[in-house]
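Take a look at the assembly below. The report covers how the chains meet, how the copies are related and how one chain is folded.

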Protein chains: 6
Amino acid sequence: MANNPVGPVDATQVPRYAGETTFARLPRLADVSDADIAVWGVPFDGGVSYRPGARFGPNHVRQSSRLLRPYNPAQEVEPFLRAQVADAGDLGVNPFSIDEAIAAVEAGARQLSATSRSLLTIGGDHTIALPLLRVQHERHGPLAVLHFDAHLDTWDTYFGAPYTHGTPFRRAAEEGLIDAEHSVHVGLRGPLYSRLDLDESEQMGFAAVHCRDFVRSPIDDIIERVRARLGNRPVYVSVDIDVLDPAFAPGTGTPEAGGLSSAQLLEVLRGLAGLDVVGADIVEVAPAYDHAEITGIAAAHTAYELLSLLPGRPR
Amino acid sequence: MANNPVGPVDATQVPRYAGETTFARLPRLADVSDADIAVWGVPFDGGVSYRPGARFGPNHVRQSSRLLRPYNPAQEVEPFLRAQVADAGDLGVNPFSIDEAIAAVEAGARQLSATSRSLLTIGGDHTIALPLLRVQHERHGPLAVLHFDAHLDTWDTYFGAPYTHGTPFRRAAEEGLIDAEHSVHVGLRGPLYSRLDLDESEQMGFAAVHCRDFVRSPIDDIIERVRARLGNRPVYVSVDIDVLDPAFAPGTGTPEAGGLSSAQLLEVLRGLAGLDVVGADIVEVAPAYDHAEITGIAAAHTAYELLSLLPGRPR
Amino acid sequence: MANNPVGPVDATQVPRYAGETTFARLPRLADVSDADIAVWGVPFDGGVSYRPGARFGPNHVRQSSRLLRPYNPAQEVEPFLRAQVADAGDLGVNPFSIDEAIAAVEAGARQLSATSRSLLTIGGDHTIALPLLRVQHERHGPLAVLHFDAHLDTWDTYFGAPYTHGTPFRRAAEEGLIDAEHSVHVGLRGPLYSRLDLDESEQMGFAAVHCRDFVRSPIDDIIERVRARLGNRPVYVSVDIDVLDPAFAPGTGTPEAGGLSSAQLLEVLRGLAGLDVVGADIVEVAPAYDHAEITGIAAAHTAYELLSLLPGRPR
Amino acid sequence: MANNPVGPVDATQVPRYAGETTFARLPRLADVSDADIAVWGVPFDGGVSYRPGARFGPNHVRQSSRLLRPYNPAQEVEPFLRAQVADAGDLGVNPFSIDEAIAAVEAGARQLSATSRSLLTIGGDHTIALPLLRVQHERHGPLAVLHFDAHLDTWDTYFGAPYTHGTPFRRAAEEGLIDAEHSVHVGLRGPLYSRLDLDESEQMGFAAVHCRDFVRSPIDDIIERVRARLGNRPVYVSVDIDVLDPAFAPGTGTPEAGGLSSAQLLEVLRGLAGLDVVGADIVEVAPAYDHAEITGIAAAHTAYELLSLLPGRPR
Amino acid sequence: MANNPVGPVDATQVPRYAGETTFARLPRLADVSDADIAVWGVPFDGGVSYRPGARFGPNHVRQSSRLLRPYNPAQEVEPFLRAQVADAGDLGVNPFSIDEAIAAVEAGARQLSATSRSLLTIGGDHTIALPLLRVQHERHGPLAVLHFDAHLDTWDTYFGAPYTHGTPFRRAAEEGLIDAEHSVHVGLRGPLYSRLDLDESEQMGFAAVHCRDFVRSPIDDIIERVRARLGNRPVYVSVDIDVLDPAFAPGTGTPEAGGLSSAQLLEVLRGLAGLDVVGADIVEVAPAYDHAEITGIAAAHTAYELLSLLPGRPR
Amino acid sequence: MANNPVGPVDATQVPRYAGETTFARLPRLADVSDADIAVWGVPFDGGVSYRPGARFGPNHVRQSSRLLRPYNPAQEVEPFLRAQVADAGDLGVNPFSIDEAIAAVEAGARQLSATSRSLLTIGGDHTIALPLLRVQHERHGPLAVLHFDAHLDTWDTYFGAPYTHGTPFRRAAEEGLIDAEHSVHVGLRGPLYSRLDLDESEQMGFAAVHCRDFVRSPIDDIIERVRARLGNRPVYVSVDIDVLDPAFAPGTGTPEAGGLSSAQLLEVLRGLAGLDVVGADIVEVAPAYDHAEITGIAAAHTAYELLSLLPGRPR
């Protein structure tokens with residue numbers, strides 16, 4: 001690998017609205033020899049129970065990432081300089097079969113991991129978190145999962161299907177991929193099927209920070225709770241964009257009122273600096289319901305903070 | 001009445017995007033013998049002074065309520081299990097005559113109240129609060145009104161019309177329907193015609209919590225102020241969706257910047273548990289200005305919290 | 001069955017924007033003893049290859065049908081008086097499995113056909129035409145299919161899936177459900193995979209009227225071609241709304257420029273009077289891409305003309 | 001009056017997106033001594049039976065008229081040079097009372113007619129055509145009405161109201177304002193309440209050109225039919241923008257599929273040159289349902305052709 | 001000048017949706033002899049680096065200001081009574097030349113200042129702040145600038161252009177127009193080109209309040225920091241609407257997630273009472289990306305608070 | 001160059017919504033050795049006089065081209081097989097200087113022409129046609145220009161600027177780039193500044209087909225007029241997307257009612273087969289005003305027909 005990572009297209013030569021639609025205008029993975037961090041898209045939404053459309057998510061987030069610049073003042077890092085970040089494109093996934101899709105994501109992530117130290121995945125619906133966790137688990141063992149979401153996603157089957165966007169964390173827990181005692185849902189809100197939903201999640205070992213907690217607690221207390229929970233374990237961060245209020249993320253599949261602001265989400269992410277974040281995903285961006293890229297921009301900034309947390313190039 | 005209320009359509013048999021568009025996929029009132037709580041629509045917007053369209057509000061809120069599930073973790077109740085909640089459909093109201101409309105709403109509410117213990121009304125514009133308060137007053141005497149709104153709605157006539165969406169609480173006070181000393185406006189903001197607007201409201205006896213207060217006060221202080229004000233009176237809750245900021249409720253008729261977030265509104269509602277809430281309405285949802293059901297979803301969740309506050313089935 | 005069909009809700013009592021969202025404000029099937037024509041929804045879009053969202057189609061078309069009145073001056077019939085038309089609601093279909101969905105649609109259509117003489121189905125994506133044709137075939141033998149679509153939908157597998165929205169008419173032909181020599185595609189346009197696409201369709205026996213033909217031929221010539229083709233066979237009409245230009249139907253999954261106007265589509269349908277139309281569907285309405293119900297209204301009017309063609313009550 | 005009419009703001013000094021929002025950037029009536037033609041707005045939509053919002057129509061059409069330039073090549077006239085055209089602003093109309101609104105429009109039109117030779121009115125809903133016809137009748141006697149509309153607007157009462165947007169031409173005929181034998185509806189389509197709707201219109205004396213006729217007849221035949229019908233009578237042109245297909249005019253209150261294109265509407269208008277057009281209106285533009293000013297631009301161009309038909313300055 | 005300022009059009013005579021589109025329905029400057037405060041538009045967006053369209057900003061903000069009423073309860077002033085406020089219309093600016101545009105804005109502001117004591121400018125993009133500051137400097141000497149923005153706008157050249165929407169405050173500092181030691185950026189957030197961006201701004205003398213500070217600090221602490229910074233200097237307030245989160249201001253050119261709410265922005269403005277505010281602008285409203293006037297209304301309320309801060313009529 | 005052109009990404013491996021956003025999913029120019037036809041973007045809109053935003057046009061048309069398949073049944077050619085077509089990306093153009101932009105486009109086109117036999121350019125605004133014509137003229141001598149547009153674009157200066165989106169064909173004629181006697185405007189409509197506009201165009205030598213002609217003439221007559229005009233000269237086709245009616249192309253900068261349908265535009269293009277088409281552009285797609293890619297899809301299909309006309313690989 002070259003000593004100096006190849007950064008985004010120079011905006012003083014090519015205006016930001018011009019040029020290829022890669023994430024943050026970064027080089028394609030094929031155009032660099034290898035990458036410390038690969039950003040890739042998994043355009044699959046066959047596991048969605050309400051509004052579909054997250055299959056268009058990866059390119060929407062890329063398009064919405066054109067304004068991202070190289071220096072992150074909040075984390076005081078230059079994510080594209082401290083690591084070679086590259087856009088690995090989209091995985092071609094069967095839109096008609098959840099099982100094939102899961103297998104393809106698992107194989108794709110495994111293959112991509114062979115050349116890229118860490119992966120930031122843009123979905124796609126939350127179904128894809130399961131195969132992503134499998135591959136992360138192969139590398140890192142049981143993961144401390146930081147799960148931003150309005151929903152628990154620890155439900156069981158739906159219409160007989162064990163693998164949908166409502167089940168990845170139950171399945172992952174069952175498969176032993178997660179160190180649930182160091183995992184936490186953040187941003188829960190909205191009606192549930194039953195009190196059992198919360199009980200079962202708790203029994204699996206997950207902690208929970210509800211949106212209501214953000215109304216009352218100083219953000220630093222919440223960050224502290226999250227950090228304490230994750231500990232010094234390898235952390236996987238999974239962001240369902242519906243953790244944001246519909247005002248901040250209309251473009252999603254199962255919106256619930258009363259959510260976080262993008263300022264709150266970003267601030268919690270920034271508070272993770274120093275933890276051992278090994279991989280991340282952002283899912284459930286459904287562009288057909290977005291307006292003026294509100295959702296896409298929130299997702300792009302979320303991705304940018306995550307990139308700033310993932311490991312840099314080893315020295 | 002049967003011992004077990006009939007709940008929403010089973011989402012494991014009929015996906016949430018499918019099936020009839022009743023509120024929360026609950027049974028129609030005609031399909032259950034009677035109801036503890038009737039949710040009904042009053043699609044009238046003839047009293048609107050700016051953007052019309054709230055006539056389409058009831059069905060928009062119903063459509064936006066499809067994701068509501070049976071367990072309310074914030075209030076720790078199962079609103080559809082503790083009471084028979086049913087959708088009583090829409091009232092057919094003359095769109096051309098405010099007077100006839102008010103008479104029809106009054107008659108309709110009285111008739112519906114004969115078989116349903118309490119009513120949750122979806123407007124429609126705020127004009128309809130007056131006849132609703134009349135019927136509530138018949139049952140409960142003077143009401144402590146909890147009025148969420150950007151506006152006072154205690155104005156007098158407009159274009160010579162005494163009954164419009166800007167006047168219901170003045171008229172109600174004049175008619176003795178309200179126990180103003182136990183009533184409060186929450187969410188006031190934006191320019192007024194004059195200092196007199198506030199003075200007159202105060203002279204009628206109303207207290208006020210301004211949006212500005214939410215910027216500075218802990219939410220629990222505000223809840224405490226509201227609870228103290230309402231006391232142990234029979235409480236009627238009237239929610240003009242424009243109490244939310246236009247970011248959270250673009251689909252409304254007289255939007256004002258600087259409003260509440262949906263998280264704030266929902267949290268105050270949850271804080272009312274234990275009060276004697278006897279009826280409620282949600283008004284001024286104008287779908288033509290909504291996007292991706294942002295406003296509709298906020299209204300549906302508001303309705304859900306209100307349903308959780310209304311009296312359950314007597315044991 | 002009563003002598004006088006129950007018609008739509010009286011618009012002089014309940015304004016058209018009010019009341020339940022059934023097709024054309026007709027009674028629910030459950031509220032009439034049986035029906036000559038059942039309008040039902042099949043909210044399934046798991047077979048879509050590009051923009052999903054047709055699962056929201058049935059209720060969108062219903063909402064867009066509120067302005068339909070009882071007399072059809074173009075066909076000079078009163079479709080709701082000459083037959084009991086009722087809304088049979090939506091079928092609950094597994095969103096995750098094409099195979100289960102097809103089986104469910106087939107079973108559902110068979111069951112509904114037991115009490116309703118003919119069915120008008122609102123999709124959902126075009127995958128559902130296959131099971132619908134199976135049931136029609138059981139009753140009527142090989143069907144003359146009048147297929148309005150920008151696309152042939154006679155493709156073979158896609159991602160290994162034999163049953164998708166691109167394949168129903170190939171599968172139907174293979175299963176012997178169609179009398180292809182009396183069948184015709186109307187409205188074809190846009191790029192194809194290969195010249196073979198057309199050849200194969202022709203080899204299956206289908207005729208074709210291209211959108212280009214509408215630019216040059218008088219509409220009555222086209223109607224005559226279609227009528228001559230269908231002959232006196234039992235006719236099944238399948239309308240993919242993407243037969244319309246995106247200007248007239250933005251809310252669909254695989255839009256192609258250069259399509260029909262809604263005036264052209266409706267006029268061809270009106271020209272079918274006197275043929276033995278035994279069933280029909282309207283598919284591929286994807287509301288997330290619609291605006292101001294342009295697409296929904298076009299679909300609702302299409303449905304209305306089809307209802308006017310389906311058999312009336314036997315005398 | 002000065003010899004040279006004051007024209008629009010000079011676009012070489014003030015770009016078209018800048019400056020006051022008068023129709024076609026013409027001077028305000030108050031800024032010229034008097035006018036040959038006054039363009040004014042009547043923002044009233046209290047007579048609407050479905051989607052309201054035409055109260056915002058006048059300013060939307062003005063905003064959409066910014067690109068209108070001074071020379072009309074289709075009619076080969078310079079409408080702002082051959083006559084002083086001025087924007088007379090909006091009438092302040094009671095939004096809550098149809099009766100008061102009608103009286104106000106009548107008084108306003110009478111007053112404006114005192115200083116302006118002819119009026120082009122931008123609605124507002126079609127209710128306002130009645131008082132406009134009254135004032136025109138005072139000046140010109142019974143009028144040959146050229147009525148572009150999807151609907152007959154010759155219905156009787158609705159919810160007991162005799163004056164709504166569905167009744168102006170029945171009321172006008174009853175009041176003797178119209179020379180129905182020289183009047184014609186153009187653009188009719190869509191379902192009716194009953195065959196009687198057409199019969200009654202015919203009995204009142206109106207002729208009709210249906211949208212279906214445009215599919216089959218050369219446009220010049222239609223123009224000839226219209227001209228022959230209107231004859232040499234004083235002609236009033238009333239354009240309900242819903243005469244256009246929803247693709248060309250989504251921003252309206254009672255849209256019906258299968259309508260005219262804007263090219264067809266404009267071409268018929270251009271074909272009226274030489275007739276004695278004495279006044280005109282454009283109604284039912286409901287901006288909340290418009291997109292990218294599609295409807296507003298169609299209305300603005302319609303207005304422009306009408307201005308080119310109204311009498312020029314006497315020499 | 002008359003003793004009593006002419007206020008907005010009387011809303012009891014002309015409904016708020018009707019009548020001319022001046023700011024807050026105030027009189028045009030031409031219709032009053034002179035003004036204490038002139039609100040004017042500078043529709044120029046030739047200096048934009050990403051989404052253009054702010055040229056349509058002034059009229060959009062005017063249209064969105066129709067609900068503004070005369071009494072400001074938050075500041076307890078009547079801004080239209082304590083001063084003659086008038087709408088001075090738009091400046092005609094060359095859309096093709098930044099240099100000519102800057103010269104025109106400077107000349108226009110100078111001319112307008114001759115008759116109006118203070119100016120509130122609606123942009124247009126941020127490029128225009130430079131000539132506005134030049135004219136303010138002529139009158140008041142070096143200005144304490146309160147700059148609300150997601151961005152520093154102290155960058156140097158872009159594509160060789162020294163004057164763009166990213167550079168006004170660097171140029172102004174270089175020209176000595178600003179008393180940077182009493183100036184402050186408020187609302188900064190999002191990625192930067194480099195750490196140098198912040199360093200250079202600091203070296204120029206600017207202080208900064210980041211959006212992150214709003215997550216942690218009580219609003220009154222922030223207000224106090226801002227007031228302390230501005231001191232008793234003549235203050236110029238420049239509000240780039242992108243200081244708001246995209247949820248609150250989607251209609252802008254370079255949106256960044258994690259921004260202020262409109263409640264926060266308005267509250268800081270209200271906290272400036274008593275300072276010597278001498279002029280203000282609101283820029284970067286790009287209506288093509290707005291929805292339901294969310295952004296326009298936020299800008300209009302911002303303007304209203306600024307008007308309440310600008311000097312009243314001298315007594 | 002290899003014998004077999006590299007075609008689009010295989011849609012049976014990567015669904016059409018996935019993968020890089022190149023035109024028609026074709027390879028990037030950098031990924032093939034050279035190309036017969038280069039499709040490239042020129043994202044410049046600094047010459048726009050009304051709605052800006054065409055700078056986002058190239059990527060919007062690319063995104064809207066994902067459904068284009070390899071066989072063109074209307075022209076019976078396989079455009080990606082008969083020639084190597086590749087996406088050459090976007091030119092980086094100074095957004096602030098028309099002069100620099102024109103020079104850059106000229107240089108860029110010249111350079112690209114060195115390796116690609118013909119260019120299909122996606123704008124950007126119509127200003128760019130001038131430098132494109134210059135380069136075409138260098139290769140082919142005076143060009144027969146087929147100019148689809150609502151507007152003449154033969155105006156002179158605007159705000160003193162000689163080079164804007166309203167002037168390219170006047171400047172080109174003055175520079176001798178055009179063989180005007182074999183050139184023709186198609187689709188003209190809407191108001192002009194003066195009768196002189198038409199006269200001057202005629203004096204330059206241009207013929208004209210107005211939109212009105214499409215209402216009356218059979219399409220084949222129009223095609224014949226166009227073919228006769230172009231003769232056997234090298235033809236350059238320039239398509240301003242506003243030649244389409246706003247219903248078919250809302251996403252553009254200077255929309256005019258009464259335009260062509262996309263079926264009409266595409267049919268005229270198909271009628272050009274056999275002519276010596278040497279280059280082409282599609283301009284004025286402004287995505288911020290588009291909806292559901294209506295405009296983008298029309299532009300993509302237009303591009304596809306043009307690609308089918310441009311010279312294939314020499315044998």
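In this predicted model, chain D and chain B meet through 16 residues from chain D and 16 residues from chain B. On the chain D side, eight of the residues are nonpolar, six are polar and two are charged.

How are these two copies related?

Now turn to chain E and chain A. Here 26 residues of chain E touch 27 residues of chain A. On the chain E side, α5 (195–204) and α6 (211–216) each supply at least two residues. The top contributor there is α6(E), with four residues. The chain E side divides into 15 nonpolar, seven polar and four charged residues.

Chain E can be laid on chain A by a turn of 120° and a shift of 0.0 Å along the axis, with an RMSD of 0.0 Å. The two copies are therefore related as by a three-fold rotation axis. Ala247(E) is the residue of chain E that comes closest to the rotation axis, with its C-alpha at 3.2 Å. Which surfaces do the copies use, the same or different? Only 8% of the interface residues of chain E are also interface residues in chain A, so the copies meet through different surfaces.

| Pair | Turn | Shift along the axis | RMSD |
|---|---|---|---|
| Chain E on chain A | 120° | 0.0 Å | 0.0 Å |

Next comes the fold of chain E. Eight strands of chain E form an open sheet with parallel pairing, in the order β2-β1-β3-β8-β7-β4-β5-β6. Its edge strands are β2 (85–90) and β6 (207–210) of chain E, and each pairs on one side only. On average, neighbouring strands of the sheet are turned by 20° against each other, direction ignored.

Within the sheet, β1 (residues 35–42) and β3 (residues 116–123) of chain E run parallel and are joined by seven bridges. Val42(E) stands opposite Gly123(E) in β3(E).

Conventions
Residues are numbered from 1 along each chain as its sequence is written. Chains are lettered from A and ligands numbered from 1 in the order in which they are written. This is a predicted model: local features need pLDDT of at least 70, side-chain atom pairs count only at pLDDT 80 or more; totals for chains, interfaces and linings use all residues. Two residues are in contact if their C-beta atoms, placed from the backbone, lie within 7 Å. Ala, Val, Leu, Ile, Met, Phe, Trp, Tyr, Cys and Pro count as nonpolar, Asp, Glu, Lys and Arg as charged, and the others, Gly among them, as polar. Copies are superposed by least squares on the C-alpha atoms of residues with pLDDT of at least 70 in both. Two strands pair if DSSP finds at least two bridges between them. Axes are lines fitted to C-alpha atoms, for helices over the stretch in contact, and angles run from 0 to 180 degrees between N-to-C directions.
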